[in-house]
Each structure stands twice: as C-alpha cells, then as structure tokens.
Amino acid sequence: MFDRTGDNRITKIASVNDGNDVIINTADALSNPTVEALTVQNIGHLPVGAAWGTPDGSALPLTDFWASVVRGLSAPWAYLYRRGYQMTLEMRLLTLNETLPDWEADFGLPDDCGPLPEGISARITALVAKVRNAGVITPTDYITVANDLGYTVEIEEVYSFECGFSQCGGDHETGDVQQEAFWIVHVIGLAVSYFRAAESEVSVDPLFSLPGIDPLRCQFEKLAPGWTLPVFSYEGDVS
C-alpha cells in the first residue's frame, strides 16, 4: 500500500507477515516429564511374577525395591527428554534461550553497526533484524526491518517528471534525474527495548532502553542498493 502525492511515492506499511512471528506450542507429555511419571510407565516393562514383586499379576507397589530401581533408572531419561525438547526450541529464532551467543556468532554479531546492545531482549531484537535482513528489496521490506528494530518509519521515494504519467502544468515538478538516487526515511518515533519476562535478567537488564537512531541508520545504509542513499527525516526527539 502506498500513496502517490506530487512527484514522490510514500510507503507506510510493512511487508505481509509470513508467519515467522507465530510461536507454535510443540510441548507434549515428554517435553518436561517427572521422574515419578516415567517410573509408573517403565514399571510396566518389568517381567511379572513373585520374584519381581508382582505375584498373581498384582500391581507393583511404588514402595517396592524394584520400583526404586526403576525410579533410579528413569531419572536420567527424564533429564534427557527435557534437554532434547529444549534443543528443538534452540533451533528457532523466537524460542532460543541458551544458544543466543552461538546465533550471534553465526550471523556476524556484533557487526560494524556497533557493539551488542545490553540486555537479552535487546540482543534478541538485534538478532531478529539481522536474520531478516536477507532479501530486503522493496520499501515494505525496509519498513519491516525497521519494525524488527523497534522503529516506526515511512519511506518516501523521490521521483522526477515522468513521461506518460506526469502532466504538464500538474503537480509533478521537473527535477534532476540524480534526485532519484535518494530515498527519504521518515522516522516517526524512537525504538524502545523493553524488559521481557523469561528472557531478561533481573538486576542486569533495564526495564527499558532507548537505543537512539544510530542502529536504524547503520542498518539502512548497509542494506540500501549501491546506487541509492537513504536520507533520514526525524519527527520529534529521536536523537
């Protein structure tokens, strides 16, 4: 969606969400099992008979010696199931926890746009933006990148008089063709990085931080096509 006013085109919305922000709950009974739950299940694999504490096919009491043996053997499996499920969460950007430094190293963070931000939530925000930078082409893509970084922007593409579209005496003014090498990024407000439950660390991460405009400027200048230059227009205090 864009508005064409005068000789410029203004894009106001981000690209269509492709579902990457949807966090699907993949947990099941074995995602975080208790030792007791596994003990009850594993007792069923024991042979039956008096020697195994089950004369006449009766159920094995959980206080029986063999139940204690099974309980001891079940404990490592409970840990294995929990860690195995956690590994599946670490494979996805929006659910990672322990492997954040590894993801940052894989995607070249910190980069020449500056050091890593302080706080887990801010680092994840920077990582999300870095991962999604691939394939940025259209103005809506750039707005999506800005949104990932926490900014609200509009992009204005500068156009000169176009034959077959513009009208003599109309609103479209003539101009140097070089002006089409520039596109204007209207920054509506500051990015804010908030403290996130289950991600941020008490006494380490601030409740919120204001990273300023530099992260956005750096990312856009890196992503801009080589023949173009983004020019930033700020609304309000975004220094």
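**Salt bridges and nonpolar cores in the predicted model**

Glutamate 98 comes out as partly exposed, its relative accessible area being 45%. In this predicted model, the side chain of glutamate 98 pairs up with that of arginine 83 in a salt bridge, at 2.9 Å from N to O. The two sit 15 residues apart, with glutamate 98 in the loop between helix H2 (65-90) and helix H3 (100-106) and arginine 83 in helix H2 itself. Arginine 83 is partly exposed too, at 32% relative accessibility. A search of the whole structure turns up 6 salt bridges.

Because aspartate 112 is in the loop between H3 and H4 while lysine 222 is in helix H6, the pair ties together parts that are 110 residues apart in sequence. As for accessibility, aspartate 111 is buried at 16%, aspartate 112 is exposed at 64%, and lysine 222 is partly exposed at 39%.

Lysine 130 joins in as well: Asp111, Asp112, Lys130 and Lys222 are linked in a network of salt bridges. Lysine 130 belongs to helix H4 (residues 120-131). With a relative accessibility of 19%, lysine 130 counts as buried, since the cut-off for that label is under 20%. A polar contact of 3.4 Å runs between its side chain and that of aspartate 111. Leaving aside residues up to four places away in sequence, lysine 130 touches Phe107, Leu109, Asp111 and Lys222.

Turning to the nonpolar side chains, the largest core holds 18 residues, and those with the most contacts inside it include Tyr151, Trp183, Leu216 and Phe220. Helix H5 (139-148), strand S3 (152-158), strand S4 (182-189) and helix H6 (214-223) each give two or more residues to this core. H5 supplies the largest share, 4 residues. Leucine 216 touches Ala146, Leu149, Tyr151, Val153, Val187 and Phe232, again not counting residues up to four places away in sequence. Apart from this core lies another one of 8 residues, with Leu100, Leu109, Ile124 and Leu127 among them.

Finally, aspartate 28 is found in the loop between strand S2 (8-11) and helix H1 (35-43). Aspartate 28 is exposed, at 52% relative accessibility, and its side chain reaches the backbone nitrogen of leucine 30 at 3.0 Å.

Terms used
Residues are numbered from 1 along each chain as its sequence is written. This is a predicted model: local features need pLDDT of at least 70, side-chain atom pairs count only at pLDDT 80 or more; totals for chains, interfaces and linings use all residues. Side-chain values use heavy atoms; hydrogens and water are left out. Buried means under 20% relative accessible area, exposed over 50%, partly exposed in between (1.4 Å probe, protein chains only). A polar contact is a pair of N or O atoms within 3.5 Å; within protein, one must be able to donate a hydrogen and the other to accept it, and residues adjacent in sequence count only if both atoms are side-chain atoms. Contact means heavy atoms within 4.5 Å. A nonpolar core is a set of buried Ala, Val, Leu, Ile, Met, Phe, Trp, Tyr and Cys residues joined through side-chain atoms within 4.5 Å. A salt bridge is a side-chain nitrogen of Lys or Arg within 4 Å of a carboxyl oxygen of Asp or Glu.
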